[in-house]
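This report describes parts of one protein chain in plain terms. Please keep the structure in view while reading.

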Amino acid sequence: MSYKIQKVGVIGAGTMGAAIAAHVANAGYPVVLLDIVPFKLSPEQEKKGLTMEDAVVRNSLVQGGYERMLKSRPASLMSKGAASLITTGNTEDDFDLLADADWIIEVIIEKLEPKQQLMARLEEVCKPGSIITTNTSGIPIASIAEGRSEDFKARFFGTHFFNPPRYMKLLEIIRAPDSDSEAVQVVSDFCETTLGKGIVLCKDTPNFIGNRMMSIDGSFILDYAFNNGYSVEEVDAITGPLIGRPKTASFRLQDLVGIDIAAYVGNNLYDLIPDDPYREIIKSPAGVKVITEMMERGWLGNKTGQGFYKKSKDAEGKRVFLILNHETMEHEMPKKPRFEAVGKVRKIEDLGQRLSALFSDEWAEDRAAKLAWAVTSHLFAYAAAKIPEITDTLTGIDNAMRWGFSYEAGPFEMWDMLGVAETVEKMEADGLNIAPWVKEMLAAGCQTFYQYKNGKPVAFYDLESKGYQEIAVDPRKISIDDLRAAGKELKRNDSASILDMGDGVLLLEFHAKMNAIDDDMIKLMVEARQMLDDNAEYAGLVVGNQGDNFCVGANIFTIAVAAQQEMFDQIGDVSKALQDALQAFRFSPKPVVIAPFGMALGGGCEVTMAGSRRVAHAESYIGLVEVGVGLIPAGGGVKEMVRRIMTKGMGMSKDNQPLVFAQRIFETIGMAKVGTSAAESAEYGFLDNQDRIVMNRDFLLYEARQEVLTMAAKGYTPPAPAKLFAAGRDTLAALKVGVWMMQQSNYISEYDAFIGEKLAQIITGGNLSAPQMLDEQYFLDLEREMFVELTKQPKTVERIWHMLQKGKPLRN
């Protein structure tokens, strides 16, 4: 059978169902979101005189879920416009809306009977070839489709999303015994490419992989910590980034998930795994006692305002998080625990080296090292014990932990870092049981779980064949490290590199600290552009990297130092160099495609806007934020906004008023607005209509390279130099009035107003007697002039140092 996904249905508008529907809409696909009709009127509905026949009542559950999704933080939708792709209704009046859906996802209450009843109804209404999946996290997949036809069962399996679906990469796919491989593959491909997911195939076992691992791991941490005298604060200081886990660590994660939800999942799992010897940790008296009392008091975590942590204020009125003392059951001020071992190893960047140092004999008696080792070694033992029960491959567990819980590395990857044989010996000395297959692997001469090339896993140990199996290579996943190892790096300095991506496409990679723009980076921008001119073999250039963020802006430390030393000519020269480099990108005769992701702020935004085109990851947070440190864009950012918004807007109609566009630009830059996604960044004007958005960051560089090749094949020609609309003194005066009013209302400070007037001068072209069309260079020169003038102000330098030291803007 041939499957194709063009329309999606989601049944169940709770937190997860509505968020799944939102993410499908984020990808640009129409989605139907349904929920049941309520069983009775609410008190408010009764007061209004409504009846069970009124549409507002019948759709109240789905509407409530939809509205909560709209308000959710972090946001479920990538743009307000995506909401228009969601059609809501109820399962009695609107069930036929699913008749032409290609993929229907069930996300209703976690009870078997209602799910089976829903499947019977779906079999009657869904079209031939539609795929039906369940998002259950604990009910056996096969049991949900019991009683259905063979054809239905062939199109049925599990798709377990992780919350929140927009941000969590992991998607567990669970085949039922009769699932059609083609249907599973179509959904896998759709979710990986279109929804940006990392796919892990799981067996139909309780809680699958991610929640199975985390329930046991979380229960072990509670038991070990409470029985060994560790405080909540100590545990979270140790079980976070120090050992390769996210900042939420252990107890912050419990608060985020919900104390009641975590307890429900654990208790449900306990009953479902009677043959798992590790399950007894779930019923640990020490952990159960604390969790039970918290639930009785209604301390359920973030959703109730307190759990293991509680929001409060200190004596000075500053926000602080009080921390639960699990012995007294009272929330106390944080104590900021210190451990000697942590102080010695925490700055070691490499995870393997950091863990090796922490677990060395030197720190055998250190309390932090003891907890870290207990948690890590227990995770190793349990992960090994669950293969092949929950998955056939160790990559399944590693990927699930990295993608589902933001681990820096999976348990088997970390085990390799520490040395498998040495770690097994230490674990056995501590009384931990080692899975027999691990010992067989070592006995056979296989000393690691993975084989590596250039530091990356290329093959994994396979239990069935008792040897290594190559990890499938997806050509859409381009690794810069692999390019470098293959000798494709053509030029390099401390801040950037130029590499050959293949197919005649160059790559300009930033790799400075936080990818902040400096002189070295600008130099390679110029060289990369020159290489396009000098070599006919190169079809174009991609500007991208694989760091944590694309580019956070200019190196403000060097700006502050230069300003303090009154090196204002040098500051102007660097600004001019960046402007020239980015203009060279914009007018390049060969396509220059920018591939932003994560934060692209300040100068990073200016680089983004300078390309011939952009292929942006969906989670790109783009904005001109210079005002936060007392500056304004000086790499062409204001000029670009004038070109994209003012000039384009005025060109659409002679009746348009320039003040409307000037205010839009002023608010975007002056309020340091940042798009919370690529889609919203486009709404601000940082991306163009012809730019593309890629949902899976793993494919970003590949898609950017393909864009270069497509543009070149179609005979790309650069834009011709054009003049920009300068609104002049009347619009400038209007903007100044607006700035003055904001200051008088105490919305901004006197110095903010000073910066605002400088920004207004650039946007309008200055004190021109009448609107006129001017060259781009005019605006660039004005940008640079205002930028240098601001660096001469002591308050700007003060703001920069405050940002560097405190990590947040100073308003003075």
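Which residue in strand 21 does Val 543 stand opposite? The residue opposite Val 543 is Ile 594.

The model is predicted, so local features need pLDDT of at least 70 and side-chain atom pairs count only at pLDDT 80 or more, while totals for chains, interfaces and linings use all residues. Residues are numbered from 1 along each chain as its sequence is written, and side-chain values use heavy atoms, with hydrogens and water left out.

**The sheet**

Helices (H or I, at least four residues) and strands (E, at least two) are DSSP runs, numbered from the N terminus. Strand 19 (residues 540–543) and strand 21 (residues 592–594) run parallel and are joined by 3 bridges; two strands pair if DSSP finds at least two bridges between them. An open sheet is formed by 7 strands in the order 15-16-17-19-21-23-25, with mixed pairing. Strand 15 (489–492) and strand 25 (692–694) stand at the edges, and each has a single partner strand, so one side of each is left without a neighbour in the sheet. On average, neighbouring strands of this sheet are turned by 20 degrees against each other, direction ignored.

Helix 29 (residues 700–713) packs on the sheet and touches several strands, among them strand 16 (496–502) and strand 17 (505–510). The direction of helix 29 makes about 160 degrees with that of strand 23 (613–617). Axes are lines fitted to C-alpha atoms, for helices over the stretch in contact, and angles run from 0 to 180 degrees between N-to-C directions.

**The nonpolar cores**

A nonpolar core is a set of buried Ala, Val, Leu, Ile, Met, Phe, Trp, Tyr and Cys residues joined through side-chain atoms within 4.5 Å. Buried means under 20% relative accessible area, exposed over 50%, partly exposed in between (1.4 Å probe, protein chains only).

| Core | Residues in core | Some members |
|---|---|---|
| Largest | 112 residues | Leu 122, Phe 308, Phe 449 |
| Second, separate | 104 residues | Met 521, Leu 541, Ala 634 |

Leaving aside neighbours within four places in sequence, Phe 449 is in contact (heavy atoms within 4.5 Å) with residues including Phe 412, Trp 415 and Trp 437.

**A buried lysine**

Lys 639 lies in helix 26 (residues 637–652). Lys 639 is buried, with a relative accessible area of 2%. Not counting residues up to four places away in sequence, Lys 639 touches residues including Glu 776 and Glu 783.
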